[in-house]
Amino acid sequence: MPINYYIILAVALFSIGVAGVLTRRNAIIIFMCIELMLNAVNLLLVAFSKMHYGNAVAVSPSAVAGTEAQLFVFFIMVVAAAEVSVGLAIIVMMYRNIHSVDVNFLNRLKH
Amino acid sequence: MTALLLILVPLIGGLVTFFVKQESQAKLWSFVVSLVTLAAMSVNLLMHDEAGRSFTAEWLPMLGSSFALQMDGVSTLLCFLTALCYPIIFASTWKSSYASPNSFYGLMLLAQAGITGVFLAADGLLFYFFWELALIPVYFLCSKWGGEKRIAVTFKFFIYTFIGSLLMLVGLLYMYYQTADASFSMQSLYAVKLSGDQQSWLFWLFFIAFAVKMPVFPFHTWQPDTYEQSPTAVTMVLSALMVKMGLFAVIRWLLPLFPDAAVQYDNVVIGLSVIGMIYASILAMQQDDIKRLIAYSSIAHIGLMAAALFVNNESGLQGAMIQLFSHGVNVLGMWIVIELIERRFGTRKMSELGGLAQKAPGLTILLVIVALANVALPLTNAFIGEFLMFNGLFKFNVWYAAVGGLSIILSAIYTLRMIQKVFYGNENTLTAKGEDITWFEKASLAVIVVAIFVMGVYPKPVFELTTDTVTLILGVFK
Amino acid sequence: MSSIIDLVYLVPLFPLIGFLINGLGRKNLSKSLSGIIGSGVILASFIVSLLIFNETRAEGFTATTVNLFEFINVAGLNIPFAFQVDQLSALFLLIITGVGFLIHVYSTSYMHEEEPHHFARYFAYLNLFVFSMLLLVLGANYLIMFIGWEGVGLCSYLLIGYWFKNNEYGNAARKAFVMNRIGDLGFLLGLFFIIQQFGSLTYSEVFANAQGTDTAILTVITLLLFVGATGKSAQIPLYTWLPDAMAGPTPVSALIHAATMVTAGIYMIARSNILYTLAPVSQTVVAVVGLATAILAATIAIKQNDIKKVLAYSTVSQLGYMFLGLGVGAYTGAVFHVMTHAFFKALLFLGAGSVIHAMHHEQDIRKMGGLAKKLPTTHWTFLAGCIAIAGIPPFSGFFSKDEILVHAFAANPVYYVIGLAGALMTAFYMFRLYAMTFSGTFRGTHELEHHLHESPWQMTMPLVVLAVLAIVAGFLGIPELFAADAHKLEHYLAPVFKASTEIAEAHHVEHSTEYILLAVSITLIVLSIFYALNRFSKKPETGEAEGFGKVLANKWYVDELYNNIITKPLNGLGVFANRFIEKSGIDGIVNGVGKSVQWGGRQLRLLQSGQVGSYVLWMVLGILILFVITITILK
């Protein structure tokens, strides 16, 4: 499959994520949209990794040659998981305090 | 070794002071520390201990910076001035009491360490380090123990000097990258060959830092406010010692590093200085607060020194160097008198004082002597310096000397006006209850008076001390 | 080398010691002791001066320099602390210490009402004054002269403001110091020109190289030095401090006007005579300024009613004559007049002091009159002083003033005519003063009349001595007209003015002309005296002056003029600078920078809405902008 399809899919996913973050007020949905953006990036990384695999192996004799991008994906997944755990905890605390998950109520940062 | 002692003794002494909780003990301890410093310096001078005047140790080798201290003629003079002033400051303010005395005296001693370090540093980075080290304690001293408007005023003071320092840091780093051996040492920095354009903008980066500290017109507006708001002991440090840092830095760093630019912009610098002399003198005539009067008078005197440093002849340079010392001594004497007046009568306003000569003849006589030194009367120390500086200025350009000379007249006007308003005339309800100074205060002023006359009559030893610096600078210009 | 010359440093040293003892021990010394110390040290100096003078009288004595120590030696400029003894300085030493001693003795009695520590302070100042003046005349270079030059300025400040409780006196003292400082600046600039031109300030080196120097430079130098002289010796335009200096105790006025201070300018020009001789333009300026001052001050003196003010303006006027003498090259005449003037002016001031003492500090001559009987010694000595200053032979003033006027005639007859007019006025106002004070009837209160008494011997003795000197001193300078080689002073001072005499073309006046001039001047002066005596003995002025007299009584409104064109604008400039340049201008800019940063911060703070959505929006926009930049610019 041409790389273009992957790119278009990833851009679409990412844009949906951005639009979601910008427009929605529900913290959980914003959270999910962030995940969406992360995964769009992951998809791209994997796609490019596959695309350049041959060249990379030819250039470098290293054991991990051509798979670095896929390694990054794992990093991102781990970070995302960590983020989920912390972020969800924050959202839970937020709900406990103000009985809402609407981020527009959460404007105390400026004080 | 003396060089190191001069920094270490006040530094360690100052740190220890923080833990001396009792006021009388803190005073005594800091006084002893300052006396020890003075003793170390005096021994060095008396023994002509040349070897003790430099010291080198490893500091930050990866940056090419070492803990290099070196006293040449003018820095010996200024180190001695610092060592001499501190005991006098402590003695004359003995009766004043400050909240949390341990930190007050500790910070005072730390400032001494910083100031002495500036006079000693023979390494660019070390110089910058001490430059800031001297500033920080003074900032805290002003902002914690100062007058009503202290926060705003010290903030202004800090921003002014800090901007100057940052400009200097940029210049210093640039110079560092130009050195052949990636080193901050004075020799390496001196050896850098710079093009005319580079010299020009580096000159201004450094000059503004020093000009703020001196201060040269129009960078001076922090000074009267800060002097007015600071506790007098701090004002003494500021005006007797810290302003000398700016002038000294010109001698040790600016002129040798950028001689071409110094010649190129000499008219600008001297012009500003001469304007500043007249301008500050005129303003001094308008002041009612004695502290502000002395502040402006000091700006006028500093202006002459700044101008004399750039005239590029021996007379001007020698005059400026001897005046560095004289001005420190004289202005310190002035502040002591003001401190005594303020402590006795609770005001510094000339309009509220008057007739002190009847109640305090001893104080009056000492003040008149110091004031005469302030107007550079012959046979006082300031005359030697001013005569040589005006001569140097005259050689540079007749008109600068003629216009600058007006400050001689103006200084007589405002100084005598101050004497008359404060000391002569009839006493009023406020001044009627005053009393004369104690022997302890008399003694600290007497030291100053002796210094005024000894240097005024026999300045030769000072000239001998500073000749090497003068030769160095004139050599750079050739 | 004779030993006494080497001991010349003793001359200023004695007064310095006296100053230190009186100054430091002022609380512990009794009045009589500080008086004795104060006068004794001057007597000691006088004795040493006499010995020195005796040495200098020897035939073939050449100027001797005595080096004390190295003072300033930098930048190729070597200024030793050295004294020079020659005929000129020796003569001045005698005048200063001699007249000074008499004034000290007089003061012990005049100031007896003062408290002991003020009494000691007074003598300390007097001694310091004499010390400074001695430095001035002894210096072997211009810098030492300048030290004394400023020193006398300081001492006059201290002594004029001696009664410091009175603010008026304080103002007068400040005025004296500041006006002197204006002159000093000129002097200082003159010194710098000398350094630049000759590379030295030592007299011998400067004068040796003076010939052959560019006249323009010499003119500048001499004019600048003359500016200094106008300040110190109270000439136009810097003369207004001297009459105000009357605020000090009367013996101080005598000291300032007779022996010290005001003669400094004359000494300086006489010392630098070769420079002036080589700069004819400066000479003319000196002569014209001197003449103008002589006339101006004389006109003012006519209408003054304060006994000391009359004498003060007469000093200004007489100094003008001395400058006229210097300006026309009559250096000996000027120095001669300094000497005779020192005697009769000290006499007049001390006499006035005696009158004031008797009158319980009343100085207005309109309230005096008929004092001749009550104060016989004062009266006779004062009369001698008046005749001397008026210029009646054989009193001393005649010889010295005549010498100056004859030289002025030779240089330019116009000078002579104006100078003679001034001399007539001098005779007039002096005898107006005399008549209003001593003749007629007493116009003060009855009680005061009852208390009138002659002063004690400490005060009358100096009067008598000075009166004798004022009468006979003229015989030191008998003009050639009467006897050949009788001008002892000229002979004595000849080595000092040798170079000038050789250069300047000698103005010679025919003997017949000189006789006519003498006859005219004596006749007119005598007429003037009789007119004054006649007019004021019978009908003394008692009211305020009117019409033109009011202008004179108000001193031509010069003080007001200076106040309006200098003091007020300077003050206005100060207010303007303080308010607009300093506070609004420079500090305004500095604070403006601070304020604009604060303002900017406040505006940017609005972005921090606290809305998570807006933060994200800004973030996305930022990323988009970065994208655009990357794609379009950094491609």
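**Packing in a predicted model**

Val237(B) touches Ile89(B), Met108(B), Ala111(B), Val138(B) and Met242(B), leaving aside residues up to four places away in sequence. The model is predicted. Val237(B) is part of the largest nonpolar core, which has 410 residues. Along with Leu254(B), Ala346(C) and Ala470(C), Val237(B) touches the most other members of this core. Helix 10 of chain B, residues 232-257, gives the core its largest share, 19 residues. A second core is separate and has 7 residues. Val18(A), Ala27(A), Ile30(A) and Phe31(A) are among them.

Two packed helices are described by the angle between their axes and the distance between the axes. In chain B, the axes of helix 2 (residues 23-47) and helix 4 (residues 101-120) come within 9 Å. They cross at roughly 10°. Angles under 35 degrees count as roughly parallel, and helix 2 and helix 4 of chain B are therefore roughly parallel to each other. On the helix 2 side, the contact is formed by Glu23(B), Ala26(B), Lys27(B), Ser30(B) and Val33(B). Helix 4 of chain B meets them with Pro101(B), Asn102(B), Tyr105(B), Met108(B) and Leu109(B). By class, this contact has 6 nonpolar, 2 polar and 2 charged residues.

Chain B also has a hairpin. Strand 1 (residues 54-60) and strand 2 (residues 65-70) of chain B pair in the antiparallel sense over 6 bridges. Phe55(B) has Leu69(B) as its bridge partner in strand 2. Between the strands lie 4 residues. In this hairpin, Gly64(B) takes a positive phi near 75°.

Chain B meets chain C through 39 residues of chain B and 36 residues of chain C. On the chain C side, strand 1 (64-74), helix 6 (142-160), helix 7 (167-198) and helix 26 (558-605) each supply at least two residues. Helix 7 of chain C gives the largest share, 13 residues. By class, the side of chain C that touches chain B has 22 nonpolar, 7 polar and 7 charged residues.

Within chain C, helix 11 (residues 250-259) is mostly covered, with 10 of its 10 residues buried. Among them are Pro251(C), Leu255(C) and His257(C). The buried residues of helix 11 pack against helix 4 (87-110), helix 5 (116-138), helix 6, helix 15 (307-327) and helix 16 (331-358) of chain C. Just after helix 11 of chain C, Met261(C) takes a positive phi of about 60°.

Key:
Residues numbered from 1 in each chain as written. Chains lettered and ligands numbered in written order. Predicted model: local features only at pLDDT ≥ 70, side-chain atom pairs only at ≥ 80, totals over all residues. Axes fitted to C-alpha atoms, helices over the stretch in contact; angles between N-to-C directions. Parallel < 35°, antiparallel > 145°, perpendicular 65-115°, else oblique. Contact = placed C-beta atoms within 7 Å. Nonpolar A, V, L, I, M, F, W, Y, C, P; charged D, E, K, R; others polar. Pairing = 2+ DSSP bridges. Core = buried A, V, L, I, M, F, W, Y, C linked by C-beta atoms within 7 Å. Buried ≥ 20, exposed ≤ 12 C-beta atoms within 10 Å, placed from the backbone.
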